[in-house]
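The following report describes selected packing features of a two-chain model.

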Amino acid sequence: MNASLDKGVRVLKEMIDAPIASYFASCVHCGLCAEACLFYTETGDPKYTPIHKLAPMRRLYEQEYTLLGRLKKWLGISPPVTDSELGAWQELVYNSCTLCGRCSAVCPVGNDIVYMVRKFREGMAVAGHAPAGVIEATRRTIDLGSPMGVKLHAVKAQMKHVEEETGIAVPLDVEGAEYMVQLSSMEIINFPEYLSAVARIMQQAGKTWTLCSTGFEATNAGIQIGVSDLARTIVMRIVEGAERLKVKTVISPECGHAYTAIRWEGPNLIGRPFTFRVQHIVEVLDEFRAQGLLKTQGMETDRLTFHDPCQLARRGGVIEPQRNLMRMVAKHFVELPEAGLMNWCCGGGGGVSANEEADALRLTAFKRKQSQLEAVHPDRLVTACAVCRTTIEEGLEHYQMKLPVIGLTELIAAHLTAPAAGGPEGG
Amino acid sequence: MSIHNDSEFKAALERLAPDRQRQVAARFARRVADLSQDVRVKTAIEAASRGGVSEAELEVLHQAANSARVESFTRCGMEADWSDQTGHFVAKAAMACVRPTAAAGNLAWDTAMHARMARTCQTITEGTGTGNRETEAQYRLLEDFLNQGVRT
């Protein structure tokens with residue numbers, strides 16, 4: 001056994017905690033999780049059955065913690081986990097799993113298969129079997145603080161661009177601001193309109209807000225690759241920034257895994273409660289709406305639909321706020337089949353879009369989203385996750401479907417009643 | 001007419017008829033066209049500059065520029081190459097300036113914003129990030145355009 005495999009297997013064994021042991025023990029092999037996974041439904045290949053993706057980990061569990069498993073191991077019927085086996089499993093653990101959680105949602109015995117896959121990824125990463133793209137993203141996170149290599153001067157450049165466009169000052173490191181706004185790398189690089197929209201909304205709502213020079217980045221590669229130490233480090237940067245600035249609320253941007261990382265995993269990762277609240281931008285906007293602070297005018301008259309980001313809706317439980325907001329500005333809002341809790345994933349989350357080896361499979365899996373869209377024939381699609389946005393746009397382009405995709409925050413900002421003081425509304 | 005800030009800039013653009021907006025938008029896009037190597041982007045900008053483009057042709061040009069835009073997204077987890085990203089925003093500017101008339105909106109303003117973002121990406125590549133004069137250049141360009149319109 002080589003050193004990395006040895007270490008990986010040791011980590012895998014350590015990952016088998018009480019929940020995982022109980023999940024393996026209670027799995028009834030019903031196969032319902034297969035029908036919930038778009039990689040299985042769109043390929044028909046049984047190897048993509050979610051619980052099967054955990055087979056090496058299950059065998060380790062049985063060999064270590066069950067009498068029958070130990071007996072099988074002793075008799076040589078249950079072979080040891082090998083390096084080549086883990087190498088072959090990379091496709092199943094990374095390429096064909098977006099951590100969307102649909103399998104967990106349908107499991108009749110309540111197994112959280114996503115939790116198990118994440119734990120499996122911890123061992124895979126240590127054993128050296130994470131995809132190259134995800135490893136590189138992780139390295140950049142360690143070296144530069146951002147998985148896509150975004151540095152502060154790029155953020156400042158975007159701030160200046162937004163300030164010119166909106167006529168609104170974008171605050172940085174303002175102590176005592178009510179909200180600390182975070183950005184995902186994707187928004188800094190591809191979608192400057194997000195920051196522009198936030199600036200205009202905050203101005204109208206009359207709220208104080210700030211970006212943080214040491215914690216602007218929301219993306220958490222540690223969650224995607226499955227390295228808890230890294231995930232903890234990234235969360236700590238945000239926590240230290242928020243506590244230094246004494247903000248009341250940290251706003252997670254339009255990025256699914258960033259929300260999961262800071263909102264749901266964060267306190268557990270650092271081992272203590274936060275001194276501030278964490279909300280997704282969609283939750284903040286809906287709160288403003290409920291408080292009468294979000295005043296919009298006019299309605300979109302074409303047919304709009306909403307794609308629920310998995311980490312926000314299914315894993316995060318945020319389902320109604322985005323619909324409240326859509327109804328504020330869309331006259332013809334149509335739901336996708338199985339929208340909300342059971343919405344189908346775009347196919348690019350969980351590090352899949354960073355993994356070039358997964359490109360062909362991702363586009364095959366997109367057929368599920370394609371069929372959802374063909375069922376309702378929208379004129380435009382709205383979402384609240386930058387990764388969903390680019391993944392869907394690439395899928396639409398691949399299948400030659402003409403359907404504009406926009407961000408929800410941007411859509412709401414386009415309907416604000418008053419333009420920013422001293423400046424025009426964004427285009 | 002003089003343009004001193006973005007409020008005046010946007011208002012002046014909004015007052016233009018769609019075909020005039022497209023003409024000035026093409027001038028904004030042309031300033032950054034060299035930052036893209038994509039032939040679909042260059043074709044769209046050239047067509048908008050030429051003028052007299054039919055709605056059917058605009059539709060095709062818009063779709064082609066959109067393909068260039070989508071293909072040039074930096075994907076989540078990939079290393080940001082600001083030089084490549086410059087091309088992405090030029091594609092967005094090109095898309096805006098060949099937007100079909102029925103959905104035109106303030107296409108000149110949109111083109112100007114994307115062109116500025118393209119220039120911003122270029123300066124990020126160079127390590128400065130904020131030092132560019134695209135905004136002022138656009139003001140002067142619009143002034144010239146409007147003054148030419150008055151003279152003709």
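## Packing within and between the chains

Leaving aside its neighbours within four places in sequence, Ala93(B) is in contact with Phe28(B), Ala29(B), Val32(B), Thr111(B), His114(B), Ala115(B) and Ala118(B); two residues are in contact if their C-beta atoms, placed from the backbone, lie within 7 Å. The model is predicted: local features need pLDDT of at least 70 and side-chain atom pairs count only at pLDDT 80 or more, while totals for chains, interfaces and linings use all residues. Residues are numbered from 1 along each chain as its sequence is written, and chains are lettered from A and ligands numbered from 1 in the order in which they are written.

Ala93(B) also belongs to the largest nonpolar core, which has 181 residues; Ala93(B), Ala29(B), Ala94(B) and Cys97(B) are those with the most contacts inside it. Such a core is a set of buried Ala, Val, Leu, Ile, Met, Phe, Trp, Tyr and Cys residues joined through C-beta atoms within 7 Å. A residue is buried if 20 or more other C-beta atoms lie within 10 Å of its own. Helix 6 of chain B gives the most to this core, with 10 residues; helices are DSSP runs of H or I with at least four residues, numbered from the N terminus.

Between the chains, 26 residues of chain B are in contact with 33 residues of chain A. On the chain B side, helix 1, helix 4 and helix 6 each supply at least two residues, and helix 6 gives the most, with eight. By class, that side has nine nonpolar, 11 polar and six charged residues. Ala, Val, Leu, Ile, Met, Phe, Trp, Tyr, Cys and Pro count as nonpolar, Asp, Glu, Lys and Arg as charged, and the others, Gly among them, as polar.

Helix 4 of chain B also meets helix 3 of chain B: Arg40(B), Val41(B), Thr43(B), Ala44(B) and Ala47(B) in helix 3 touch residues of helix 4 including Leu61(B), Ala64(B) and Ala68(B). The residues of this contact divide into seven nonpolar, two polar and two charged.

Helix 22 of chain A is mostly covered, with 11 of its 13 residues buried.

Definitions and conventions:
Buried ≥ 20, exposed ≤ 12 C-beta atoms within 10 Å, placed from the backbone.
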